[in-house]
Amino acid sequence: THFGFQQVPVNEKASKVADVFHSVASKYDIMNDLMSGGVHRLWKRFTIDLSAVRKGQRVLDIAGGTGDLTKQFSKLVGSEGQVILADINSSMLEVGRERLTNLGLTNNIEYVQANAECLPFEDNSFDLITIAFGLRNVTDKDKALRSMLRVLKPGGRLLVLEFSKPTNPLLEKMYDTYSFSLLPKMGQLVAGDAESYQYLAESIRMHPDQETLKDMMKDAGFVRCDYHNMTGGIVALHKGIKP
Ligand code: SAM
């Protein structure tokens, strides 16, 4: 075990993902800013705004990593509310916990090592669930979506922030060049780790596009599913409601 979080059994894809995030955890925040030119902050800001989270609510930030979203939710739900930062990876969770604790956010955040495919929470227990740049790493996405549906309260919403398919072919071409040649080089230069960033590019290309993910959410049982493209579809924010 790392840092006393409970270990979970993993399959091959999961163990690859685990290696990647153990390896990048300490450099994760700086790499995020570098690779996206800081734009990930805007994508996250938009997600927070759309979440419409209010005081006293219970929020689950699954695959929450170093806690960018949790940090904002913690301020929004106040002391009567609660935010759970859940992640499968103990290194990411530890970086997140240390970072948010250092910011003095201690009264309403809990840290849980958990797999999105089998969330260890009660049925109908969250007003909002977010998964940001996490779903593409999950082995069984359908299972994860159903697990999220189960723990949401009726009327509660799921927000999935994830890389998607650029809507313009020229942009797609440029973006492909960027992710497959520049990204691994930056990973090597800054984090001494080209392989993890090669994985990142591959996982982005493999991830379902806008309409496919929307259909997957419907199939899992979400209603009023819709999405909003950002930065020309490089990223999309999907929304679904538990009936
Ligand atoms: N949400 C954060 C953000 O937007 O900055 C972190 C995103 S990071 C790219 C992806 C995170 O997903 C990693 O922390 C990784 O450990 C986590 N993850 C991967 N597979 C997971 C799973 N099956 N269940 C829960 N978390 C998972």
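User: What numbering and which pLDDT limits apply here?

Analyst: Residues are numbered from 1 along each chain as its sequence is written. The model is predicted, so local features need pLDDT of at least 70, side-chain atom pairs count only at pLDDT 80 or more, and totals for chains, interfaces and linings use all residues.

User: What is the mean pLDDT of the protein chain?

Analyst: pLDDT is the predictor's confidence in each residue, from 0 to 100. The chain has a mean of 92, and 95% of its residues reach 70 or more. Residues 1-9 have pLDDT below 50, and this stretch has 14 contacts beyond near neighbours in sequence. Two residues are in contact if their C-beta atoms, placed from the backbone, lie within 7 Å. For the complex, the predictor gives an ipTM of 0.99 and a pTM of 0.93.

User: Which residues of the largest nonpolar core touch the most other members?

Analyst: In soluble globular proteins, nonpolar side chains tend to be buried together. A nonpolar core is a set of buried Ala, Val, Leu, Ile, Met, Phe, Trp, Tyr and Cys residues joined through C-beta atoms within 7 Å. Buried means 20 or more other C-beta atoms within 10 Å of a residue's own; exposed means 12 or fewer, and partly exposed lies in between. Here the largest core holds 65 residues, and Val 59, Leu 60, Ile 129, Ile 131, Met 148 and Leu 161 touch the most other members. Strand S5 (residues 152-163) supplies the largest share, 6 residues. Apart from neighbours within four places in sequence, Leu 60 contacts Ile 84, Ala 86, Phe 126, Ile 129 and Val 151.

User: How many bridges join S5 to S7?

Analyst: Strands (E, at least two residues) and helices (H or I, at least four) are DSSP runs numbered from the N terminus, and two strands pair if DSSP finds at least two bridges between them. S5 and S7 run antiparallel, joined by 7 bridges; Leu 158 is partnered by Gly 240 in S7. S7 also pairs with strand S6 (residues 223-230) in the antiparallel sense, over 6 bridges. Because 5 of the 7 residues of S7 (residues 235-241) are buried, this strand is largely enclosed by the rest of the structure.

User: Is Pro 166 buried or exposed?

Analyst: Pro 166 is buried, with 20 other C-beta atoms within 10 Å. Pro 166 sits in the loop between S5 and helix H7 (169-191). Its contacts outside four places in sequence include Gly 232, Gly 233 and Ile 234.

User: How many residues surround the ligand?

Analyst: A residue is near a molecule if its C-beta atom, placed from the backbone, lies within 6 Å of it. The ligand has 20 such residues, and Ala 63, Gly 65, Asn 89, Ala 116 and Ala 132 are the closest.
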